[in-house]
Amino acid sequence: MSELQPTREQQPAIDYDGSMVAIAKPGSGKTFVLSRKIQRILPSFPSYKGVIAISFTNKASDELRHRAASKGIDLKASFFGTIDRFCIGEIVIPFLTHVWGKPTAEIEITRIRDLPEEDRTPFEILDNAELTLEILADLTGDLKEHFLQGRLFLDTVGTLALFTIINSPACQRYLKTRYSHVIIDEYQDSGLAQHELFMKLHGLGLVAIAVGDADQSIYGFSNKDSKYLLSLAGNANFKAFPITLNHRCHPSIVNYSLRFLNANAVLLNTDQIRVYYKSCVGNVGAIAQWIDAVLPQFMDEFQIEHPKDVGILVRGNMTGVLVNNALAVKHRIAQPHPLEENTSLWGPIFCDLLRYRLNPQNTVQEILDHHNFRLATTELAEVRKQIKEVRDCLNDKLFDLMESIATIFRPNANKQGPVAQLRASSIEDLTRSFAPPKNDEVQIMTIHKSKGLEFDLVFHLDLHEWVLPSKQPGENNDFDHPIYKDIAQDRNLHYVGITRARKLCVLCTSTRRTNPKNQDKVGKPSEFFAENHLEQLRIVSPI
Amino acid sequence: MKIQLVEITGFRNFASAVVNLADKTLVIGANDVGKTNFLHAIRMLLDRSLSDEDIEPSESDFHIALDGKQVAAIKILIKLTEIAEDAVISRLKGHISADGESFICYTAELAKPGYKIFIGHSSEALEEIDGRFYLKHIHFKYVESCRDITAYIQKEKKYLLKTAKSKRSAAQETADATSETTLQKTLNIVNDGVNKLSYVAGATKGINHELQELSHHNTDYSVCLEAQTINFSSFVDRLRLGANSGGKRVGLGGDGRNNQILVGLWMAKAALEHDLENEAVIYCIEEPEAHLHPHQQRKLADYLVNSIEGQVLVSTHSPQIASEFNPAGIVRFYENDGNTVAAGDGCSEDLEDTWDDFGYRMSVLPAEAFFADVVFLVEGPSEVLLYTTMSEELGIDLNYYNISILSVEGIDFDVYVQILSKLEIPYVLRTDNDVFKVPKTKPQEWRFAGLNRALEVAGGKAYVNSTAIDSPAKLSAEWKDTSAIVNPKGIFVSKVDLENDVAAVCKDQLLKFSGEATIPDAVQYLQNRKAIRMRKFLKENPGMLAALKGDDIAAPLHSAVKLARRRRPAPKAEEPNGE
């Protein structure tokens, strides 16, 4: 895509010099616009100046950095990484010492819950509330004491960064001098601290660029909220650039997704409908059998080269497992390994190491970029050496080696959880979770996990009433007045699922379904099918 | 950015020294006192041309005290201030305080190999770093005193050409390319022409004949002389620095001229090489006076002080160079029991205002005083003449003792006293016993200006104005009391003034010299055309002053010698004096 010329919609967003908010629809070339924008900004800079480019995940950041650096662009003093890394490495570690004094021990990143239970009491307030500056003011004494002993809690770095900027003129001067722009991707998933930080940097005079799509907000469960994105869209200081044109999906798929969100959406011209509806008789196993049967024909008809380009997207892990068991065609379930959901400090290190072992494309430097903050040269050399060994070491040496590396990065983090999870896994399990998909394997994964990915053909499952959107009977098991858990987020989830498909999107349902208690139930189609006359925009699968 | 402070502990000559620096700092001190070592200490932290290996400490870097004890550790701490350059701010991140300060520190231990470097936004916040990463945008440009201009230019030539090329406009580039093509053609013609010269072509005929005779293998083989095929780029490579004078090409002249060229080249290179607005550049040049005529020394110093943006550190032995510097910016090193220290901890801002009032009076002569071990301050040139002659006649070698007799051209001793005190240069002082009318007083009041002047410098209590005493001659009691207070501090007051005091002891010679009948007239005669008649008087009466050895007039000279003997013993030839 980087060889493409920008569209008439993308070009103004690339060229605009001021602060802005880009509302980018799925497949509209968001990363393309951002990388082009960065490439436009950097060449006139001296080597010591750069931009701040913050992505939601390390993976997305690596991708953006890679794209921005294409065509030999020198990234100069730019920062690419996640918000946590930025807060820790550029603000808190270098400048909180100006406010609170020098820690007596080397700073180490941990989490509050890694503390012994008796030390956690002051922080209980955070169990039910997001950390704000007001709450921080109450916790300053405790946090400062921990900081001076070398403990910095990942849970607090966003707000601490804000606190540091406000209280350290040296920090403000540094940020203003070193960085010209702050760019935050996936802004719909911004938390309060990130949003305030963004506004603070804008206040310091940096050109501030937010990119996101409120319709793709699917992480509402972790204090992230698309309201911050919407507030920017309504702020006169930020010029809004809608980037709507979906270059990824077939127009009929775009139409379906837009009509789903908005009954009055303007539709694209198309003479073909590539959103199929399929209802199978039986449960999810029947859907799997049907996929086995039709896959060769679909792949042939829509010129899909590899089974890898076919995604079976599910709402919950359980459906994924059922499909995995029932599907005959060669496949891989991207079963989220417990380590991937482990929010301890060692979990992400283990994941990166396993990906490095199983994916020849990954580099040692990426791992250092993600996890190293301030290792001395000698330690750095040692950790490099050990990471290199991860790629080719014998299976029985692997876990010890990984623990040794994690110990170098985060010596005192709580390690029991991640280590237990690692040691409980077989090498086969780990390979299934962390190796890149092979060309001849159909991919099964949750919609959450599919965010940012795309497939030629998507089979969208779990489109049952009660499942998507998720709901529960009302009080006293009142099935007539059910309660939706979070219809807005579920709507976004469906939207994301549909828009993963480039060439064909097959919406699957079945007459029976298996509930979380593993009981066989009558399956009714999802309420989403009936909305906004969507039936006009899909056809029943011809086979 | 500038270096505000350097603290050195245990390094070479320095047991423990605190040295403040100024925007334009002049480093002076005796040979071997450690000027170069001081600059080297700074360079270890700031000069990228010293490699990581170069700054490894060797055993001899650890200070050895007079008692032979060697220190266990070296510590060099530099405080940088006024950091405002974008590149440095970006690079040093949290290591710069809100006030634009940063601290860098080097430590080494005798018992352990290697060294450590620390940096922090305060001296408490120092943290160890792997290497001198901060040097990326800090440039410490150093020129040593033993410099080889030819080698330097040879080394820098390519760089000069390259930078100049990169700064051409598109039009210039095109024009140059066209000229290059034409020049290459011309060179080809020259090559061909030279090869065709009959004696060039014919020179090897004989050799070729012999070759044929030597072996049949050589039948197809011949040798010839040919012009070194010169292509354009090798031509440019051979460019040498030449000089023009009045439009005529001349050979590069003398070491002095070359020295100026070097400094010019050095500055031009720094300007080409660095983004002076956004990067920090500090210039350091050792003994820039080398091989230069005194007049050129002053011009060079003026250039270093007034034309260079940014901090400049200069070491020198030259009063000409020193005369261009504000004394507030002078760091004078001296040895104290085997430990080199900076007088008054180096540069002092307090002196700056004093200097501003005084600046117009600075010349080479007072600057010379900065290099003296003892300074003898007097009011005017007559005193200088008298005491110089007297010291000769008393067999006191002022040069040996490094005593400078300095006229303050009036009575403003306090500025000199401040500067000398700050530079910790011992001084003696002699002033006239002036008594002045206090204007608009009735009854008329008189001020004991001379005595009070001396008391002020000595920190004594001044006399109140008097209505009774109207001349120095009537002040003998007060003069005695004052002398008792100020003499031990090296401060002396005339009984009346220089001429009267001389007249009192050389009555006959003076009457004869002046042709006057009375002493007051003779004194008047001597005073009328001060230094000229004093010179003549001394010349016509050789040996006269030797008799004054024990007189009060000679006391300041003895006092100066006494001070100088703290630094060096009496020379063998000289008889012990004034003990």
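Predicted model: local features only at pLDDT ≥ 70, side-chain atom pairs only at ≥ 80, totals over all residues.
**Exercise 1. The contact between chains A and B**

Find how many residues each chain gives to the contact, and which helix of chain A gives the most to the side that touches chain B.

Solution. Start with the totals: chain A brings 18 residues to the contact and chain B brings 17 residues. Next, look for helices on the side of chain A that touches chain B. Helix H4 (83-100) and helix H8 (169-178) of chain A each supply at least two residues there. Of the elements on that side, H8(A) gives the most, with 6 residues. Last, sort the side of chain A that touches chain B by class: 9 residues are nonpolar, 5 polar and 4 charged.

**Exercise 2. The cover over H8(A)**

Determine how many residues of H8(A) are buried, and what covers them.

Solution. A residue is buried if 20 or more other C-beta atoms lie within 10 Å of its own. By this count, 7 of the 10 residues of H8(A) are buried, and the helix is mostly covered. The buried residues are Ala170(A), Cys171(A), Gln172(A), Tyr174(A), Leu175(A), Thr177(A) and Arg178(A). Now look at what surrounds them. From chain A, the cover includes strand S2 (50-55), H4, helix H7 (157-167), strand S6 (179-184) and helix H9 (192-203).

**Exercise 3. Two helices of chain A**

Classify the arrangement of H4(A) and H7(A) as parallel or oblique, and give the residues that meet.

Solution. Take the axes first: those of H4(A) and H7(A) come within 8 Å and cross at roughly 45°. H4(A) and H7(A) are therefore oblique to each other. Their crossing is left-handed. On the H4(A) side, the residues that meet H7(A) are Ile83(A), Asp84(A), Cys87(A), Ile88(A), Ile91(A), Val92(A), Phe95(A), Leu96(A) and Val99(A). Their counterparts in H7(A) are Val157(A), Gly158(A), Leu160(A), Ala161(A), Thr164(A), Ile165(A) and Asn167(A). Sorted by class, this contact has 12 nonpolar, 3 polar and 1 charged residues.

**Exercise 4. Two helices of chain B**

Work out how helix H13 (residues 381-393) and helix H21 (residues 530-540) of chain B pack.

Solution. The two helices pack at an angle of about 20°, and their axes are 8 Å apart. Angles under 35 degrees count as roughly parallel, so H13(B) is roughly parallel to H21(B). The crossing is right-handed. H13(B) makes the contact through Pro381(B), Ser382(B), Leu385(B), Leu386(B) and Thr389(B). H21(B) makes it through Lys530(B), Ala531(B), Met534(B), Arg535(B) and Leu538(B). The classes are 6 nonpolar, 2 polar and 2 charged.

Methods
Residues numbered from 1 in each chain as written. Chains lettered and ligands numbered in written order. Contact = placed C-beta atoms within 7 Å. Helix = DSSP H or I, 4+ residues; strand = E, 2+ residues; numbered from the N terminus. Nonpolar A, V, L, I, M, F, W, Y, C, P; charged D, E, K, R; others polar. Axes fitted to C-alpha atoms, helices over the stretch in contact; angles between N-to-C directions. Parallel < 35°, antiparallel > 145°, perpendicular 65-115°, else oblique. Left-handed = near helix turned anticlockwise from the far one by under 90°. Buried ≥ 20, exposed ≤ 12 C-beta atoms within 10 Å, placed from the backbone.
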